[in-house]
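Here are some friendly notes to read alongside the model.

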Amino acid sequence: MDVTQDLSFVHLISHASVLVQLVMGLLLLVSVLSWWYIFLKMFAIRDEVKLTEEFEEAFWHNQNLNELYKYASGNSTREHGAMERIFAAGFVEFVKLKKQQGVDASAVMEGTRRAMRATYQREMDRLESHLAFLASVGSVSPYVGLFGTVWGIMNAFRGLANVGQATLAHVAPGIAEALVATAMGLFAAIPAVLAYNRYAHDINRLSTRFESFSEEFSNVLQRQP
Amino acid sequence: MSATVYREPHRLPAGILALAVHGVFFALLYLGFSWNKSASLPATMSVELWQSLPEVTVAPPPARIEEVAPQPPQEKLLQEQVVKPDIAIPEKKQVVAKPAVIKPAKMKPAAKPVEVVKPEPVAPPPVEQKIAEPKPDPRIAAQQAAAMAERARQEEQAAAKGKVVDEYMGKIQAKIRRNIVEPPDVVKKDIHAVFRVTLLPGGGVLKAELKKSSGNALYDTAVERAILKSDPLPLPPDAALFNLFRELNLSFKPTE
């Protein structure tokens, strides 16, 4: 390996200025975190979709609400999806209000809807957690990387001012090491943006499904004697 | 509904996958991208430097002759001005005693020009004395050998000096060339503008007169302006070399 022009990757990083190294470290951390969230959300949304489909299937094939409630809230080993929890909350509230004397039908339905809406919002909040992080990584980390690059290039050019005969060989290593910061920023940002868009779309579809389910379930409850 | 903090499932596999992605990324960076480990850059660097030198390389031979013959008085004057004479005289003797050993070893032109040059004007007389004194009977072979050694020594010195001169000639030309703002309508590219530049000891430009016009008045004035603009021209740190830079004939041609 030559002493004069060693542009290996490790060399580039270890010889960058402190600020550029800090920026690179920050970007690496952010990148690892965002990938972690990407995979977390990927698994979570996949599970949620699967559970929702299973429960919809069960709901439309089994008209006995008591059995459904046991299925949806029984402490069996299987996980419960968001839709099951919405169903359980609405059903529990409906049964409680029905048992009370002197509550008219519209008040019962009102209370049931409120219970379902509360659970729906809690579930949406859970599904959307960490998405904001992905969004900010996607929008900010290119700028952070660019900042590191600009700083590194500024240093490279300032060092150049002391050299009488400026050649490309004087600037090239500095610029290369500075550009590593941009590469890392983009590496963190691109998957984060893609994942954010994808997951926002998936969650939006799930939310539509939950809403229409709670409407339909209200109708079913209203028909109950 | 329990109000406990929700924890996402699959935390561990997600973390492992995230780390794996980064491992793959860095492996790709490290292996897939052919980082430039061999030095191909210095070659281009030297090309840049030598581009301006061929016109200058003509200068060293006359410089060598001038120094040996007519300039000793001048240089002695200069040395008396620059160096204190009572220190200089003992130094000279020391340096003369072991000149040939030191010179070839020290090839750094900028760092040690003073030692390299100083013995030059003083050297010829003592050696001639040596030849004259111990061997009054004319042994031609010994004399020739001594003369040969002397010549070799001078050539080495001149080479070292020539290197410094070349380096600074190149620097001067490069600095001026950088400052030239070429007029946009220079059509003919094979024109030359020759300037005689008179320098002050500090590198300041005393005078820049056009010796041979390029035929394009705009280009001539552009070069003149560039010479005046690059006012402190780079000079070697050794004051004794200034005589070579007092009057410069610089030739410029438009870039392709």
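1. Helix H2 covers residues 18-61 and helix H7 residues 168-222 of chain A, and the two pack at an angle of about 20 degrees with their axes 9 Å apart. Axes here are lines fitted to C-alpha atoms, for helices over the stretch in contact, and angles run from 0 to 180 degrees between N-to-C directions. H2(A) passes H7(A) in a left-handed crossing, that is, the near helix is turned anticlockwise from the far one by less than a right angle (clockwise would be right-handed).

2. A word on the basis of these notes: this is a predicted model, in which local features need pLDDT of at least 70 and side-chain atom pairs count only at pLDDT 80 or more, while totals for chains, interfaces and linings use all residues. Residues are numbered from 1 along each chain as its sequence is written, chains are lettered from A and ligands numbered from 1 in the order in which they are written, and side-chain values use heavy atoms, with hydrogens and water left out.

3. As for the overall make-up, chain A has seven helices and zero strands; both kinds of element are DSSP runs numbered from the N terminus (helices H or I, at least four residues; strands E, at least two). Of the 225 residues in chain A, 44% are buried, where buried means under 20% relative accessible area, exposed over 50%, and partly exposed in between (1.4 Å probe, protein chains only).

4. Salt bridges deserve a look, and the structure holds 10 of them over all chains. The term stands for a side-chain nitrogen of Lys or Arg within 4 Å of a carboxyl oxygen of Asp or Glu. One of them joins Arg126(A) and Glu48(A), at 2.9 Å from N to O. This pair links helix H5 (residues 105-128), which holds Arg126(A), to helix H2, which holds Glu48(A), across 78 residues. Both Arg126(A) and Glu48(A) are buried. The two also belong to a network of salt bridges with Arg85(A) and Glu123(A).

5. Which residue forms a salt bridge with Glu56(A)? The partner is Arg209(A), with the closest N and O atoms 3.1 Å apart. Glu56(A) sits in helix H2 and Arg209(A) in helix H7, 153 residues apart. Glu56(A) is partly exposed at 21% relative accessibility, and Arg209(A) is partly exposed at 23%.

6. Another salt bridge brings together the side chains of Arg113(A) and Glu215(A), at 3.6 Å from N to O. Arg113(A) lies in helix H5 and Glu215(A) in helix H7, so the pair ties together parts 102 residues apart in sequence. Relative accessibility is 35% for Arg113(A), which counts as partly exposed, and 40% for Glu215(A), also partly exposed.

7. Finally, helix H6 (residues 131-160) includes Leu146(A), which is partly exposed at 43% relative accessibility.
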